Amino acid sequence: VSVAGPYVRSYIREEVFRYLSYRGVKVDVFGRGWDDLTDLDTIVIHGNVTYRESVRLCCESKISLNIMPWFKDGMHDRVASAMLNGSVVATDTSKYMKEMLISNGPNKEILEFHIDKPMEIADILGNALENKTELYGMACRGREKAQKSLTWDTRIDELIRLLNRKNTEN
């Protein structure tokens, strides 16, 4: 069992936010584990919120910034929650998200960044915020995609289909 994952993720998160602050990007951060960022002027730390409150915050956010946990072939539920609630998601991706979501071209549903290039994240966020029409379109496409394939109901239906298929094969 590796315990490096949480430490590496914490380091990466801190570096991303330090670069964003260096570039003057204001970010509101919710949750715990952000104590090392209190010295950054543009990072506003709000502390813990309930899951329900985090979903409400997605409704109010133009962009929800996500840094993936240390599983790289899945997706965190906060990505789907943000999309379902009309917030554009800016995230590093995983194999699964690359299969599920469009991150390039005119029909993109998310903003993709690479954690090994933290200086580019500020440009990605800034460019997205400059074009409100495209940002709104991306939020709508993301919400539509999430409603079609990322809700708990669609997950349960998918699981039932897989189980039924497995039972008919046996």
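**Helix contacts and a pocket**

Mentor: Residues A80, M83 and L84 in α3 meet G142, R143, K145, A146 and Q147 in α6, where contact means heavy atoms within 4.5 Å and helices are DSSP runs of H or I with at least four residues, strands being runs of E with at least two, numbered from the N terminus. By class, this contact has four nonpolar, two polar and two charged residues (nonpolar: Ala, Val, Leu, Ile, Met, Phe, Trp, Tyr, Cys and Pro; charged: Asp, Glu, Lys and Arg; polar: the others, Gly among them). The model is predicted, with local features needing pLDDT of at least 70 and side-chain atom pairs pLDDT 80 or more, while totals for chains, interfaces and linings use all residues. Numbering runs from 1 along each chain as its sequence is written, and side-chain values use heavy atoms, leaving out hydrogens and water.

Trainee: At what angle do α3 and α6 pack?

Mentor: The axes of α3 and α6 (residues 132-149) are 7 Å apart, at an angle of about 120° (lines fitted to C-alpha atoms over the stretch in contact, with angles from 0 to 180 degrees between N-to-C directions). That angle makes α3 oblique to α6 (under 35 degrees is roughly parallel, over 145 roughly antiparallel, 65 to 115 roughly perpendicular, the rest oblique).

Trainee: Where do α2 and α3 make their contact?

Mentor: The axes of α2 (residues 51-60) and α3 (residues 77-84) come within 8 Å and cross at roughly 50°, so these two helices are oblique to each other. Their contact is made by Y51, V55 and C58 of α2 with D77, S81 and A82 of α3, and by class it has four nonpolar, one polar and one charged residues.

Trainee: Which element gives the largest share of the lining of the largest pocket?

Mentor: Rolling a probe the size of a water molecule over the atoms shows where empty space is left. Here, α2 gives the largest share of that lining, six residues, and the lining has 19 nonpolar, 10 polar and nine charged residues by class.
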